[in-house]
Amino acid sequence: MTTAFPGIFSVSDYREAARRRLPKTVFDYLEGAADDESGMMHNRAAFEQLQLRPRRLSDVSRREQSVSLLDRRIPAPLVIAPTGLNSAFWPKGDLALARAAGKAGIPFALSTASNMSIEEVAQDADGDLWFQLYVVHRNLAKSLVSRARAAGYSTLILTTDVAVNGFRKRDLRNGFAIPFKASTRAALDGLSHPRWLWSYLMNGMPELKNFSTDDASDTASQAAVLRRQMDASFSWDDLRRLRDEWPGKLLVKGIVTTEDAARCVEFGADGVIVSNHGGRQLADLPATVDVLPDIVDKATGATIILDSGIRTGADVVKALALGADSVMLGRASLYGLAARGEVGVSDVIEMIKRETDRTLALIGCRAIDELDRSYVSRRPT
Ligand SMILES: Cc1cc2nc3c(=O)[nH]c(=O)nc-3n(C[C@H](O)[C@H](O)[C@H](O)COP(=O)(O)O)c2cc1C
């Protein structure tokens with residue numbers, strides 16, 4: 001039983017609690033999206049345009065939301081998405097997310113841009129760990145992949161939608177950077193959020209820990225990751241090489257077209273993550289739930305995970321009914337982390353599981369495995 005917090009009933013309540021605790025600059029980094037931010041709004045609108053079609057008089061006295069994902073049975077169709085700079089939200093944020101995921105029995109994906117190293121997280125967290133790769137340059141990628149393998153990570157995610165950095169006006173206006181820049185505005189922002197400031201002063205400036213080991217210490221690469229300036233020449237042949245180097249499961253993240261999804265399968269990926277990075281890279285991309293059914297039809301046999309816009313259990317049910325094998329939680333789990341650390345993340349996971357269970361009961365479906373497209377339709381406009 002996880003802690004319930006007064007006044008908090010939904011992920012959007014956690015969003016508000018996170019907004020109150022974090023300095024504006026840090027909340028804007030968590031929340032912000034690319035360009036005019038319309039991509040992030042379309043992600044939500046696409047879920048809202050879908051409605052559920054209940055089946056009445058079916059026996060839903062027992063309900064089941066466990067699913068099989070990449071040959072493992074997990075208690076809910078949820079994965080914690082890779083997110084960078086988690087210690088800006090809560091001290092040892094990567095570990096807090098990993099532990100909450102481990103307790104819930106769901107996978108946690110560590111970002112290349114994490115503030116704890118691949119090895120530190122593996123040492124202190126139980127559960128199924130995945131590693132997300134940003135390719136800054138090929139040799140560094142090789143070393144990160146072999147470290148993740150040695151540390152026991154089961155699944156590698158290659159993120160493909162960051163050839164260059166998205167244009168995020170909030171971060172540019174705020175001068176968001178690690179290390180945090182000293183300015184009168186930043187000092188006032190910190191001072192007006194004393195709970196965050198205190199934990200920051202006690203724990204020090206977040207660092208990109210994957211780059212501070214002897215063999216990977218490289219300030220140019222750290223700066224490139226912070227600017228999300230990747231090796232823009234990385235292409236399909238490199239994916240093939242990565243497939244040869246990584247013996248575990250391989251997922252390609254950032255896929256929004258049927259052609260790319262089919263090609264990922266052809267090049268040996270075990271699955272794709274249908275994602276537009278939560279609208280943080282390019283506003284004018286499709287909402288993921290809109291392209292999901294076609295991708296599911298084309299990428300037969302592949303594992304399909306969806307993210308970008310998941311905030312409720314009803315969203316989870318819609319995505320699974322349209323053919324996803326699981327969803328990933330991005331900002332949703334970060335709101336919990338920023339508000340209350342590990343217990344906040346656990347509470348968000350439990351909340352979404354409760355909402356999923358209630359939604360299943362109310363649409364007359366006994367199990368996630370029994371969902372299909374007939375449970376969803378488009379709202380009339
Ligand atoms: C603060 C933040 C940092 C992120 N960092 C990464 C990252 O390092 N690597 C990556 O592949 N995706 C990253 N993402 C994207 C998430 O993995 C995920 O695709 C996205 O958050 C899903 O959208 P949602 O937040 O609307 O659920 C980040 C997202 C956020 C909000």
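Let's start with His-277, which is buried, with a relative accessible area of 11%. Buried here stands for under 20% relative accessible area, exposed for over 50%, and partly exposed for anything in between, with a 1.4 Å probe and protein chains only. Before I go on: this is a predicted model, where local features need pLDDT of at least 70, side-chain atom pairs count only at pLDDT 80 or more, and totals for chains, interfaces and linings use all residues. Residues are numbered from 1 along each chain as its sequence is written, and side-chain values use heavy atoms, with hydrogens and water left out.

Back to His-277. You'll find it in the loop between β9 (271-274) and α13 (288-298). Helices (H or I, at least four residues) and strands (E, at least two) are DSSP runs, numbered from the N terminus. His-277 has a positive phi of about 60 degrees, though it is not a glycine. Most residues other than glycine have a negative phi.

Lys-92 is another non-glycine residue with a positive phi, near 50 degrees. Lys-92 sits in the loop between β4 and α4. Is Lys-92 buried or exposed? Lys-92 is exposed, with a relative accessible area of 52%.

Now a partner of His-277, namely Lys-253, which is in contact with it. Contact means heavy atoms within 4.5 Å. Lys-253 belongs to strand β8 (residues 249-255), and Lys-253 is buried, with a relative accessible area of 5%. Setting aside neighbours within four places in sequence, the contacts of Lys-253 include Pro-82, Ile-157, Thr-159, Asp-161, Ile-273, Asp-307 and Met-328. Take Ile-157: it is 96 residues from Lys-253 in sequence, and 6.4 Å away in space, C-alpha to C-alpha.

Let's step back to the whole chain. How many helices and strands are there in the chain? There are 15 helices and 12 strands. For 381 residues, a compact globule would have a radius of gyration near 21 Å, and the chain has 20 Å, which agrees. That radius is taken over C-alpha atoms, and the globule rule is 2.2 Å times the number of residues to the power 0.38. Along the principal axes, the C-alpha atoms fill a box of roughly 60 × 50 × 40 Å. Buried residues make up 57% of the 381. Among contacts with a separation of 6 or more, 74% are between residues 24 or more positions apart.

Next, helix α4, residues 93-104. At 1.5 Å a residue, its 12 residues should span 16 Å, and its end C-alpha atoms are 17 Å apart, which agrees. The expected span is 1.5 Å times one less than the number of residues. Helix α4 is mostly covered, with nine of its 12 residues buried. Among them are Gly-93, Asp-94, Leu-95 and Ala-104. What covers those buried residues? The cover includes β4 (78-80), β5 (108-110), α5 (118-124), β6 (129-133) and α15 (331-362). Just after α4, Gly-105 takes a positive phi of about 75 degrees.

That brings us to α15, where Glu-350 has its place. Glu-350 is partly exposed, with a relative accessible area of 23%. Glu-350 and Ala-104 are 246 residues apart along the chain, yet their C-alpha atoms are separated by 8.1 Å.

Helix α1 (residues 11-21) packs with α15 at an angle of about 170 degrees, the axes being 10 Å apart. Axes are lines fitted to C-alpha atoms, for helices over the stretch in contact, and angles run from 0 to 180 degrees between N-to-C directions. That makes α1 roughly antiparallel to α15. Under 35 degrees counts as roughly parallel, over 145 as roughly antiparallel, 65 to 115 as roughly perpendicular, and the rest as oblique. The α1 residues involved include Val-11, Tyr-14 and Arg-21, and those of α15 include Tyr-335, Asp-347 and Met-351. By class, this contact has 11 nonpolar, two polar and four charged residues. Ala, Val, Leu, Ile, Met, Phe, Trp, Tyr, Cys and Pro count as nonpolar, Asp, Glu, Lys and Arg as charged, and the others, Gly among them, as polar.

Helix α2 (residues 24-31) also packs with α15, at about 155 degrees and with axes 10 Å apart. So α2 is roughly antiparallel to α15. Phe-27, Leu-30 and Glu-31 of α2 meet Arg-331, Leu-334, Tyr-335 and Ala-338 of α15. That contact has five nonpolar, no polar and two charged residues.
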